[in-house]
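The exercises below are meant to be worked through with the sequence and the structure side by side. Please try each task before reading its solution.

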Amino acid sequence: MGLVGCLLGIIGFGIGVPIGLFIGFLLFIYKEPTDVKDPIMRPLHDLDTSSLLDILPEIPYWMKHPDYDRIDWLNKFISDMWPFLNKAISSVIRSMVEPIFTEYTGKFQIISIIFKSLSLGTIPPIIHGVKVVETNKNELAFEPVLRWAGNPDITLVASFLSLKITLQLLDVQICAAPRITLKPFVPTFPCFARITVSLMEKPQVDFGLKLLGADIMAIPGLYQYIQEMIRNQIASFYLWPQTLEIPILDGSVGATKKPVGILHVKVVRALKLLKMDLLGSSDPYVKLSLSGERLPAKKTSIKMRNLNPVWNEDFKLTVKDPQSQVLQLHVYDWEKVGSHDKLGMQVVPLRLLTPHETQEFSLDLVKNTNPNDPHNKKRRGQLVVQMTFNPFKEDNERFSGPLDRYASNENGVGRLPNHDGPICGAGLLSVLIQRAEDVEGKYHTNPYALIVFKGEKKKTKLIKKTRDPFWNEEFQFVLEEAPFKDMIHIEVMSKRPHFSLIRRRESLGHVDINLNDLALEFGLCHSSLYMQIFFCDTVTATQNRHFYCCKAPHWCCLLCRN
């Protein structure tokens with residue numbers, strides 16, 4: 001009996017201790033304390049020295065540091081806008097995180113990961129002060145001190161096998177001092193191209209985390225480990241000199257990036273297109289353009305009553321960011337009356353290309369780029385294109401290998417031999433028309449600029465009733481050789497905004513520029529035209545020239561500056 005009693009005692013101790021610890025843990029988490037009282041609020045002059053030292057970190061920076069400015073107006077603005085900012089920021093977070101969840105769906109027995117709730121709560125962050133950093137660069141840098149003690153409600157539900165695991169984030173507290181830099185300045189609203197953010201010191205982060213309703217941050221040792229791990233991870237990515245860059249104008253304003261090469265596109269043919277006409281046929285044509293460009297899309301010819309058209313037409317497009325830009329191809333059915341019907345579309349990322357190598361793509365047409373749209377399951381035919389990216393000579397070293405070294409050669413993509421003909425000698429002439437001064441017409445002054453080069457005409461927008469128009473518009477001419485023996489004609493015209501048969505247009509002055517000359521005189525009298533012209537070549541040494549027209553009493557001279 002003694003041996004049996006000893007064994008039973010050991011078994012009871014081994015079972016009772018874990019059960020007791022588990023019950024105590026549940027009581028510790030779920031039992032609400034009854035001795036918590038509201039804090040006593042007293043004026044500062046009634047506090048002793050130790051109490052003042054305790055609250056010193058909570059004093060705003062503008063009180064402790066004279067170079068920090070108080071911005072109560074901004075905090076008031078954030079407070080009033082917070083309900084709308086909450087929804088907008090939550091929507092951005094959802095759109096950024098859900099694709100990451102999709103990548104893990106189907107792996108590690110995970111069926112799905114979804115947001116049950118996503119809200120930043122009702123308490124907005126507070127900016128305790130802002131310091132403006134003086135720099136000599138073309139930028140604006142400032143350092144706000146941000147503190148947020150929020151009540152967010154962020155709940156994730158992960159379906160794992162037959163179980164649903166709920167993870168909830170709450171009671172977030174963040175204290176950070178980032179440096180925010182707006183650069184570079186450009187003459188297009190909002191007047192800066194990107195935002196650069198870096199942390200000047202490790203942020204203070206505190207939060208609660210519940211797993212299946214239990215506060216796992218209450219586990220001894222886990223809280224400090226997670227806190228330090230998060231701080232180190234954030235510091236490794238964003239602590240100065242590491243930065244987070246947010247593009248503002250790079251994707252939508254072409255003038256913020258210099259062209260780096262030319263994309264040659266050959267629209268070969270299409271196969272098995274949809275029948276859109278009453279007679280069981282279609283009149284297809286293709287529109288192609290690069291993402292992030294404001295230039296008009298290029299179009300092929302129209303093939304009447306043909307479901308398997310053959311074009312073999314070549315196009316040249318200027319590339320500014322081959323890592324992010326995509327070629328957009330839209331196939332339409334031409335209609336004599338009314339809008340043209342869309343037969344399908346497809347996109348090709350430029351990062352799939354290898355410089356100076358021609359690749360052929362057989363693309364399955366879809367209705368849109370949404371992979372979850374059921375309409376994309378319908379067969380809409382195929383479009384065959386050939387693409388070659390030729391970087392400019394000064395960018396050859398940057399693009400010496402494949403633009404995407406990890407891109408697979410799949411989905412009907414094949415390589416063709418390199419072209420040895422004129423395709424390798426193409427270049428780009430870029431003309432930036434900035435503004436004009438003191439232009440005046442005899443009957444009306446609604447100026448716009450007309451650029452004529454080798455018979456190709458392009459013009460700026462019309463600005464009504466001004467003698468000093470500001471356009472800041474860029475025009476590009478794709479060429480086969482350096483144009484320094486050619487002339488470019490630029491004329492400032494005025495046009496009546498309404499229909500008129502009498503003196504509808506008149507010339508306010510013009511200039512004929514020989515691109516091989518360094519100084520010229522031209523007949524845009526009593527007025528000035530400011531422009532920039534540069535040429536990038538894919539074979540010869542790159543020539544960059546900036547031409548400025550300077551004002552004189554009766555004539556204007558053209559100066560060249562390297």
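**Exercise 1.** Is Glu-456 buried, partly exposed or exposed?

*Solution.* The model is a predicted one, in which local features need pLDDT of at least 70 and side-chain atom pairs count only at pLDDT 80 or more, while totals for chains, interfaces and linings use all residues. Residues are numbered from 1 along each chain as its sequence is written, and side-chain values use heavy atoms, with hydrogens and water left out. Begin with the cut-offs: buried means under 20% relative accessible area, exposed means over 50%, and partly exposed lies in between (1.4 Å probe, protein chains only). Glu-456 has a relative accessible area of 38%, so it counts as partly exposed.

Next, look for its charged partner: Glu-456 forms a salt bridge with Lys-458, and the closest N and O atoms are 3.7 Å apart. A salt bridge here is a side-chain nitrogen of Lys or Arg within 4 Å of a carboxyl oxygen of Asp or Glu. Lys-458, at 22% relative accessibility, is partly exposed.

**Exercise 2.** Find the salt-bridge partner of Lys-461 and say where the two residues lie.

*Solution.* The partner is Glu-473, with the closest N and O atoms 3.2 Å apart. Lys-461 belongs to the loop between strand 22 (456–459) and strand 23 (470–479), whereas Glu-473 is in strand 23, and the two are twelve residues apart. Strands are DSSP runs (E, at least two residues), and helices are runs of H or I with at least four, numbered from the N terminus. As for accessibility, Lys-461 is partly exposed at 43%, while Glu-473 is buried at 17%.

The loop between strand 22 and strand 23 also holds Lys-465, which is exposed, with a relative accessible area of 78%. The phi of Lys-465 is near 50 degrees, a positive value in a residue other than glycine. Most residues other than glycine have a negative phi.

**Exercise 3.** How many salt bridges are there, and which residues are linked with Glu-143 in a network?

*Solution.* The count comes to eight salt bridges. Arg-179 is bridged to Glu-143, with the closest N and O atoms 2.5 Å apart. Because Arg-179 lies in strand 6 (residues 178–185) and Glu-143 in strand 3 (residues 140–149), this pair ties together parts that are 36 residues apart in sequence. Glu-143 is buried, with a relative accessible area of 7%, and Arg-179 is partly exposed at 23%. Finally, Lys-131 joins Glu-143 and Arg-179 in a network of salt bridges.

**Exercise 4.** Which residues have the most contacts inside the largest nonpolar core?

*Solution.* A nonpolar core is a set of buried Ala, Val, Leu, Ile, Met, Phe, Trp, Tyr and Cys residues joined through side-chain atoms within 4.5 Å. The largest has 29 residues, and those with the most contacts inside it are Leu-263, Val-267, Leu-327, Leu-329, Leu-383 and Met-387. Strands that each supply at least two residues of this core include strand 11 (261–271), strand 15 and strand 18 (382–391). A second, separate core of 20 residues includes Ile-433, Phe-477, Val-492 and Val-511.

**Exercise 5.** Where is Asp-486, and which residues does it touch?

*Solution.* Asp-486 sits in the loop between strand 23 and strand 24 (487–495). Not counting residues up to four places away in sequence, Asp-486 touches Phe-453, Lys-454, Ile-513, Asn-514 and Leu-515. Lys-454 is 32 residues from Asp-486 along the chain, and their C-alpha atoms are separated by 8.0 Å.

Note on methods:
Contact means heavy atoms within 4.5 Å.
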